[in-house]
Amino acid sequence: MILRTAIFLGWLSLVQAAFGQGRVHMYPDDQLVWRDMVAHVDNGTVRMGHSWNGDVAFTMLHDGMWDETRIFQGRSTSSLDVAYTVRDGKLYLGDSSFSSGILYTFEDRQIFVGDSTFPMDVAYTLREETRRFGGNDDAPLWGIYKGDSRSWSDRIAVLEGAPDAAAVFALLSAAGWL
């Protein structure tokens with residue numbers, strides 16, 4: 001009995017850790033079919049597909065001292081492989097600190113082109129989705145829509161989990177949408 005309880009508690013902690021430590025899944029639609037997963041983030045590693053041994057697209061490393069997240073190409077964390085840097089919700093090319101290096105801005109669940117929050121510059125909008133299937137304590141769902149659209153035909157992907165700006169940028173870039 002004690003062994004079963006210990007196994008159950010271990011399993012429960014693993015299930016909670018899957019969504020509690022930055023695990024985010026990107027699906028092409030709201031069916032959330034595991035085998036159709038486009039990419040996922042798990043403990044700072046962005047992998048293509050659903051498998052834990054899938055191709056590594058990016059590695060994210062948060063620097064608490066400078067309050068920035070660096071997104072490295074592949075599995076590397078070398079300063080030569082910095083693809084993007086996320087600071088204050090802005091995606092910079094490489095490790096640039098200049099305003100000319102800002103590719104996208106993430107603010108109020110919207111992604112804007114460049115260093116802008118003008119409504120005409122909206123590239124994508126994240127909207128909370130309702131789950132078609134599932135229980136009460138599931139991870140949140142976010143639909144990613146083109147521009148400022150609300151139409152289901154303009155939805156390009158669905159995120160399952162609680163992503164931050166760096167995870168959204170990394171997943172969209174891995175999928176080829178940035």
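Where is the place of Arg-109? Select Arg-109 and you land in the loop between β8 and β9. Before going further, a word on what is loaded: this is a predicted model, in which local features need pLDDT of at least 70 and side-chain atom pairs count only at pLDDT 80 or more, while totals for chains, interfaces and linings use all residues. Residues are numbered from 1 along each chain as its sequence is written, and side-chain values use heavy atoms, with hydrogens and water left out.

**Stop 1**

Asp-108 is not a glycine either, yet has a positive phi of about 50°. For background, most residues other than glycine have a negative phi. Asp-108 is exposed, because its relative accessible area is 67%. The scale used here calls a residue buried under 20% relative accessible area, exposed over 50% and partly exposed in between (1.4 Å probe, protein chains only).

**Stop 2: the whole chain**

Zoom out to see 2 helices and 12 strands. Helices (H or I, at least four residues) and strands (E, at least two) are DSSP runs, numbered from the N terminus. Along the sequence the pattern is α-β-β-β-β-β-β-β-β-β-β-β-β-α. Of the 178 residues, 45% count as buried.

Next, colour by pLDDT, the predictor's confidence in each residue, from 0 to 100. The protein averages 86, and 86% of the residues score at least 70. Select residues 4-21, where the pLDDT is below 50; beyond near neighbours in sequence, this stretch has 5 contacts in the model. A contact means heavy atoms within 4.5 Å. Where pLDDT is low, the predicted coordinates should not be read in detail.

**Stop 3: strand β11 and its partners**

Select residues 141-146, strand β11, which is mostly covered, with 5 of its 6 residues buried. Two strands pair if DSSP finds at least two bridges between them. Show β10 (residues 122-129), which pairs with β11 in the antiparallel sense over 6 bridges. In this pairing, Leu-126 stands opposite Ile-144 of β11. Then show β12 (residues 155-160): β11 and β12 are also antiparallel, over 5 bridges. Here Leu-141 stands opposite Glu-160 in β12.

**Stop 4: Asp-30**

Move to Asp-30, in the loop between β1 (24-27) and β2 (39-42). Is Asp-30 buried or exposed? Asp-30 counts as buried because its relative accessibility is 16%. Leaving aside residues up to four places away in sequence, Asp-30 touches Arg-132, Arg-155 and Val-158.

**Stop 5: the largest pocket**

Finish at the largest pocket, with a volume of about 250 Å³. Of the 18 residues that line this pocket, select the closest to its centre: Met-60, Thr-69, Asp-164, Ala-166 and Ala-167. The elements that give two or more residues to the lining are β4 (56-63) and α2 (165-175). A pocket is an open set of points on a 1 Å grid over the protein atoms alone, where a 1.4 Å probe fits, with protein on both sides within 12 Å along at least five of seven lines; lining residues have an atom within 4 Å of a point. The volume is the space filled by probe spheres set on the points, which are joined across faces, edges and corners.
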